[in-house]
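Let's take a walk through a protein chain together. Have a look at the picture first, then read on.

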Amino acid sequence: MAWLPHGISHANGTLPPNLEPEPTDLTLGVSLHGITKTYGSKAAVEDLNLNFYEGNITSLLGHNGAGKTTTISILTGLFPASSGTIYVYGKDIRTDQNIIRKNMGICMQHNVLFSYLTTKEHLLLYGYIKVPHWSKQKLQDEVTLKETGLYSHRHKLAGSLSGGMKRKLSISIAFLGGSRVVILDEPTTGVDPCSRRCIWEIISRNKKGRTTILSTHHLDEAEVLSDRIAFLEEGGLKCCGSPFYLKETFGDGYHLILTKKKVCSCIMNLCYNVIVAPNLSSIHIL
Ligand SMILES: Nc1ncnc2c1ncn2[C@@H]1O[C@H](COP(=O)(O)OP(=O)(O)OP(=O)(O)O)[C@@H](O)[C@H]1O
């Protein structure tokens, strides 16, 4: 049976409307079980239960301080949870961290790059560390850089790359070596709109066969990229589902009707349904 979030009764088989039923046809990649992280008396994340599926991009969406980075840090093994655990393809993060890490790629919120290595050297270095059993040719084939737009910058030192290029390099490193779980912490922070779209494309193009987890506080990013969105607030899960489901459920918004004057022979009454998700600050014209 599909996992149900904590506190939801199996008895009548119904979910509250803030949680879309879990997909049943997808492989479960990552599963958070009652994750809590406390700092002193304050809980940064509290009793978080959430599933991430292979082939899906799932966004952790929330304001500053919602608990996204804390959740990602626990997931990547940066520090342990105060209680609860995480299963990654069935392996327990408390006991199988080494196995889990071999299949995981991470793009941290801040670029972790060596200013004295070139773009290509970064990819080869991380590749050799991550998949030392791969032949040089296989690694070179994966590291073509063409689809990321990094190719013309392959011989540049990382220190001399633009912010957008550094971000693309960090994301490429996360995908390198056939990572089955890819974690991207605010991947488009500090990049211009054009590079942002390019990064979205890279992430979307590479989601097949991977469990992709992305943290963001941009609603448009979550909406464009995600198969599922988990909205966090004050360390807890507020709602979870596909962008369509969440808009249908919470986008009660407003209807704005515009009527055009009769200035030509044809009578035109334009009616736009404008759905505004007030608490998510997004506008969609249908
Ligand atoms: N090392 C720490 N010591 C004390 N409190 C912390 C620590 N790290 C995080 N917190 C607190 O935990 C809460 C969640 O922080 P977290 O960084 O996970 O949020 P976030 O959603 O990632 O925010 P942002 O978008 O700003 O990165 C915040 O209230 C933060 O102040």
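**A guided tour**

Start with the contacts: among those in the chain between residues at least 6 apart in sequence, 66% join residues at least 24 apart. Two residues are in contact here if their C-beta atoms, placed from the backbone, lie within 7 Å. Keep in mind that this is a predicted model, where local features need pLDDT of at least 70, side-chain atom pairs count only at pLDDT 80 or more, and totals for chains, interfaces and linings use all residues. Residues are numbered from 1 along each chain as its sequence is written.

Now for the overall layout. The chain has eight helices and 14 strands; these are DSSP runs numbered from the N terminus, with helices being H or I of at least four residues and strands being E of at least two. Of its 286 residues, 34% count as buried.

Let's zoom in on V30, which sits in strand β1 (residues 28-39). Is V30 buried or exposed? V30 is buried, because 23 other C-beta atoms lie within 10 Å, and the cut-off for buried is 20 or more, counted from the residue's own C-beta, placed from the backbone. Leaving aside neighbours within four places in sequence, V30 touches F52, I86, V88, V181, T211 and I213 by the contact rule. V30 and G90 are 60 residues apart along the chain, yet their C-alpha atoms are separated by 8.0 Å.

How values were computed. A residue is buried if 20 or more other C-beta atoms lie within 10 Å of its own, exposed if 12 or fewer, and partly exposed in between; C-beta atoms are placed from the backbone.
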